[in-house]
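Subject: Handing over a structure, with notes

Dear colleague,

I am passing on to you a structure that you have not worked with before, and below it you will find my notes on what turned up. Please read them with the model open beside you.

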Amino acid sequence: MVMSGMDQRAWERKLRVYRNFGFLEDEVLSMFKRQSRCMAHSAEKIERMLGFFVNELGWKPSVVSRCPNVLNFCLEERIVPRCSVLKLLELKGLLDKDLNWVHVLEVKEKDFLERFINKYLDEVPELMQMYQGKMSSN
């Protein structure tokens, strides 16, 4: 369905975005096989998402290619707010160094709030306000 709704030029443009971030064509095709929606988004959205993951978080393309589902989440409403919380908790030394950030992006909102907001409110009282501010300011 994804391919039938897109012409060759759009496909090539999206492939070029992935390549610009260091993805090999085989990685993109593998992602597409596992999560076809990774090519359903506009080239602009793909570029914004990859820009955040690669440039802001320092993820290697292989991290994204193993979990292409993260490209389906909303950058402004889910990814940036959650990563902001994780960065603050990491800065305060409250996170396990081996925490899988991809998994944190995938968990349900209720579970995220319990594990990363409510759990640390005593140590970081501004956490909920910061999280909600990030969500509403984007």
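Leaving out residues up to four places away in sequence, which residues does L71 touch? The answer is Y18, M31, C38, H41, K45, M49, L50, F53 and V64. Before I return to that residue, please keep in mind that this is a predicted model, and that what follows should be read with that in view.

The overall picture

The protein chain has eight helices and zero strands, so that, read along the sequence, its pattern is α-α-α-α-α-α-α-α. Its C-alpha atoms fill a box of roughly 55 × 30 × 20 Å when this is taken along the principal axes. Of the 138 residues in the protein chain, 43% count as buried, and among the contacts with a separation of 6 or more, 66% are accounted for by residues 24 or more positions apart.

The core and L71

The largest nonpolar core has 47 residues, and those with the most contacts inside it are Y18, M39, L50, F53, V64, L71 and I79. At least two residues of this core are supplied by each of helix 1, helix 2, helix 3 (43-56), helix 5 (75-91), helix 6 (101-106), helix 7 (109-117) and helix 8 (127-137), with the largest share, eight residues, coming from helix 5. As general background, nonpolar side chains in soluble globular proteins tend to be buried together.

L71 itself sits in the loop between helix 4 (61-66) and helix 5. Is L71 buried or exposed? Its relative accessible area is 1%, and because anything under 20% counts as buried, L71 is buried.

Helix 5 and what follows

The buried residues of helix 5 are L75, I79, V80, P81, R82, C83, S84, V85, L86, L88 and L89, a list that includes the charged residue R82. After helix 5 comes G93, whose phi is positive, near 75 degrees.

Helix 1 against helix 2

Helix 1 (residues 8-20) and helix 2 (residues 25-34) pack at an angle of about 115 degrees, and their axes are 10 Å apart; the crossing of helix 1 and helix 2 is right-handed. On the side of helix 1 the contact is made by W11, L15, Y18 and R19, while helix 2 contributes E25, V28, L29, M31 and F32. Sorted by kind, the residues of this contact divide into seven nonpolar, no polar and two charged.

Aromatic pairs

How many aromatic pairs does a search of the whole structure find? There are six. In one of them, Y18 and F23 form an edge-to-face pair, at 5.3 Å centre to centre and with 80 degrees between the planes, and both Y18 and F23 are buried. F112 and Y131 form a tilted pair, because their planes stand at 40 degrees while their ring centres are 5.3 Å apart. That pair links distant parts of the chain, since F112 is in helix 7 and Y131 is in helix 8, 19 residues apart; F112 is buried, and so is Y131. Elsewhere, ring pairs link F52, F53 and W59 into a cluster.

K60 is found in the loop between helix 3 and helix 4, and at 58% relative accessibility, which lies over the 50% cut-off, K60 counts as exposed. From C-alpha to C-alpha, K60 and Q35 are 18 Å apart in space and 25 residues apart in sequence.

E109 lies in helix 7 and, at 34% relative accessibility, counts as partly exposed. Not counting residues up to four places away in sequence, E109 touches R82 and Y131, the former being one of the buried residues of helix 5 and the latter a member of the tilted pair. The C-alpha atoms of E109 and K97, twelve residues apart along the chain, are separated by 22 Å.

With kind regards

Terms used: Residues numbered from 1 in each chain as written. Predicted model: local features only at pLDDT ≥ 70, side-chain atom pairs only at ≥ 80, totals over all residues. Heavy atoms only, no water. Axes fitted to C-alpha atoms, helices over the stretch in contact; angles between N-to-C directions. Helix = DSSP H or I, 4+ residues; strand = E, 2+ residues; numbered from the N terminus. Left-handed = near helix turned anticlockwise from the far one by under 90°. Contact = heavy atoms within 4.5 Å. Core = buried A, V, L, I, M, F, W, Y, C linked by side-chain atoms within 4.5 Å. Buried < 20%, exposed > 50% of the residue type's maximum accessible area, 1.4 Å probe, protein only. Phe/Tyr/Trp six-rings, centres within 6.5 Å; stacked < 30°, edge-to-face > 60°.
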